[in-house]
Amino acid sequence: MTIEIKTIQPFPAQRTALVTGAGAPRGIGRRVVRKLVAEGWHVAAADIDGAAVEEFFATELNAEIPAESGLKVIGVGVDISDQASVDAAFARVDAELPQLVALVNLAGIPSPHSILEITSEIWDRVMNVNGKGTLLMMQAAAQRMIDGGIGGRIVNTSSITALDGGGTFSKTGYAAAKAAVQGLTRGAARELGVHGITANVILPGPIDTDIMGGTLTDDRKDSMSANIPLHRVGQPEEVAGLISFLVSEDSSFVSGTSINVDGGKHMH
Ligand SMILES: NC(=O)c1ccc[n+]([C@@H]2O[C@H](COP(=O)([O-])OP(=O)(O)OC[C@H]3O[C@@H](n4cnc5c(N)ncnc54)[C@H](O)[C@@H]3O)[C@@H](O)[C@H]2O)c1
């Protein structure tokens, strides 16, 4: 078999990014969607809360997009841990948007249960959403990128909790699931590179969203900031900035890497 490896594959002018976890109003996903639209991407904004993404993106965000840009954002309901749901979501993306070039997996769930508390059912859900969901989304996206013949970008989301074995909120089950996301990403980078597809994983530190049991109080932010050299928690747009680079043409030789976005908490 002869494989033609192109060093740099330019993106088509009309290209789509699929972003999961875009439902939460204060979450990272919505910030990423806004940034990618501003950078010329058509976007499929996906979430298990289908009504939230449908409504928000059909109204507010589409209204912000200049008509002359021709860009389209659609809200897509999907449970990333369910194969049939993933298949249906991709069928919509195929039908309604241009060539898929980027997948940003942000959908995830926390687990504040300690090793002695976590039940078999909770473990399965945490692994299924964070781990299997990442796999199912990558499988479907990679096939489309391969069929498109122009490579692609995959960005997955782990957490510094995977390095620490737990955090101020989430514990063992989440740490294990987010460590699995690192292994999944490295495998994807190794196996899909021949198709010009890059895969990278980000490890956010504490970010000011509602995932840790609700909106963070100033006291909680202060205690979370104690070991962070920048002495503060991060903002969703600071994660979006990193993701925007990782899905861009500029990151064409960056693959298989784990990048912390944690204010310097982990240096390696
Ligand atoms: N915020 C932080 O401090 C932080 C730190 C490290 C890692 N992360 C990770 O970053 C990602 C985004 O975090 P966030 O803070 O924006 O979280 P968030 O809770 O604000 O948003 C997560 C979104 O994922 C969606 N979701 C959950 N299960 C789903 C499923 N099965 N299918 C589809 N969508 C599903 C939720 O509905 C929600 O809209 C998550 O993977 C999270 O684990 C966050």
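This is a predicted model: local features need pLDDT of at least 70, side-chain atom pairs count only at pLDDT 80 or more; totals for chains, interfaces and linings use all residues.
Residues are numbered from 1 along each chain as its sequence is written, and side-chain values use heavy atoms, with hydrogens and water left out.

Now for the ligand. It sits in the largest pocket. A pocket is found on a 1 Å grid over the protein atoms alone: it is an open set of points with protein on both sides within 12 Å along at least five of seven lines. To "sit" there, a molecule needs more than half of its atoms within 2 Å of the pocket's grid points.

Who are the ligand's neighbours? There are 28 residues around the ligand, and the closest are I28, D47, Y174, I207 and T209. A residue counts as near if one of its heavy atoms lies within 4 Å of the molecule. This shell is made up of 15 nonpolar, 9 polar and 4 charged residues. Helix 4 (120-148) and helix 6 (172-192) each give at least two residues to the shell.

A backbone N or O atom of I28 is 2.8 Å from an oxygen atom of the ligand. For L106, a polar backbone atom lies 2.9 Å from a ligand oxygen, and for I207 that kind of distance is 2.8 Å. Taken on its own, the ligand has 820 Å² of accessible area, and the protein covers 92% of it; such areas come from the Shrake-Rupley method with a 1.4 Å probe.

Is A175 buried or exposed? A175 is buried because its relative accessible area is 7%, and buried means under 20%, exposed means over 50%, and partly exposed is in between (1.4 Å probe, protein chains only). A175 and V126 are 49 residues apart in sequence, yet their C-alpha atoms are 9.9 Å apart in space. Over in helix 4 you'll find N128, which has 29% relative accessibility and so counts as partly exposed.

The loops are worth a stop as well. D49 is in the loop between strand 2 (42-47) and helix 2 (50-64). At 38% relative accessibility, D49 is partly exposed. From D49 to V78 is 29 residues in sequence and 7.7 Å in space, C-alpha to C-alpha. Another loop, between helix 7 (218-225) and helix 8 (236-246), holds H231. H231 has a positive phi of about 55°, although it is not a glycine. With a relative accessible area of 60%, H231 is exposed.

Finally, step into helix 8, where V239 is found. Its relative accessibility is 0%, so V239 counts as buried. V239 and N260 are 21 residues apart in sequence and 9.7 Å apart in space, C-alpha to C-alpha.

Note on methods: A polar contact is a pair of N or O atoms within 3.5 Å; within protein, one must be able to donate a hydrogen and the other to accept it, and residues adjacent in sequence count only if both atoms are side-chain atoms. On a 1 Å grid over the protein atoms alone, a cavity is a set of points where a 1.4 Å probe fits but cannot get out, and a pocket is an open set with protein on both sides within 12 Å along at least five of seven lines; lining residues have an atom within 4 Å of a point. Helices (H or I, at least four residues) and strands (E, at least two) are DSSP runs, numbered from the N terminus. Ala, Val, Leu, Ile, Met, Phe, Trp, Tyr, Cys and Pro count as nonpolar, Asp, Glu, Lys and Arg as charged, and the others, Gly among them, as polar.
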